[in-house]
Amino acid sequence: SSGINAEYGGKKMAALEFLKNRIVILMQERDKAINRADELQDTVQNAKDLVTKLETDKRDLENRLELADAEIDKLHEWKEQVLEEKNELEVEVEKLRRENDSLQNAIDTFEVAFEYKDQEIGELEKQIEEFNQEMDDLAS
């Protein structure tokens, strides 16, 4: 009976030792699982932080894009204004060219008239000279 008890006691001890080892292994696996869960939680938090940063960056880029679009619109309006002014100036330049041509024609006409008047004056001076000569001849 004591042999059976010793055998039973030995099996009981072996079973207890097996269970203790199994508990240690399970506790180690549990600790690994907890560590892994912590790592995953950190990874998830990092991903959330990254998403938040990316959303902020995206909003910032959208705002900058809106400002750039507004600036482009202003530049287009300014370009239209400049083109309009350019066209108005071209019309003015053309008007001034026509006026200049007209004035040049008038100047040319006056120059011809002045040449004619100069000839008339020359002929009148010659006639006066001849008249004065005739008077001198008559007087002597």
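1. Is K58 buried or exposed? K58 is exposed, having a relative accessible area of 52%; buried means under 20%, exposed over 50%, and partly exposed in between (1.4 Å probe, protein chains only).

2. The model is predicted, with local features requiring pLDDT of at least 70 and side-chain atom pairs counting only at pLDDT 80 or more, while totals for chains, interfaces and linings use all residues. Residues are numbered from 1 along each chain as its sequence is written, and side-chain values use heavy atoms, leaving out hydrogens and water.

3. Nine salt bridges are counted, a salt bridge being a side-chain nitrogen of Lys or Arg within 4 Å of a carboxyl oxygen of Asp or Glu. One of them joins E62 to K58 at 3.7 Å, N to O. Both residues belong to helix α1, four residues apart, about one turn of the helix; helices are DSSP runs (H or I, at least four residues), numbered from the N terminus. E62 is partly exposed, at 38% relative accessibility.

4. A further salt bridge pairs E94 with R97 at 3.6 Å, N to O. These residues are three apart in helix α1, about one turn of the helix, and E94 is partly exposed at 36%.

5. D31 and R30 also form a salt bridge, at 3.2 Å, N to O. D31 is partly exposed at 37% relative accessibility, as is R30 at 48%.

6. A surface patch of negative charge comprises E125, E129, E130, E134, D136 and D137. Patch residues have over 30% relative accessible area and no salt bridge, with like charges joined within 9 Å. E134 lies in helix α1, residues 2–139.

Note on methods:
Patches are made of residues with over 30% relative accessible area and no salt bridge: like charges are joined within 9 Å, nonpolar side chains (Val, Leu, Ile, Met, Phe, Trp, Tyr) within 5 Å. Accessible areas come from the Shrake-Rupley method with a 1.4 Å probe; for residues, only the protein chains shown count as cover. Lys and Arg count as positive and Asp and Glu as negative; His and the chain ends are not counted. The place of a charge is taken as NZ of Lys, CZ of Arg, CG of Asp or CD of Glu. Helices (H or I, at least four residues) and strands (E, at least two) are DSSP runs, numbered from the N terminus.
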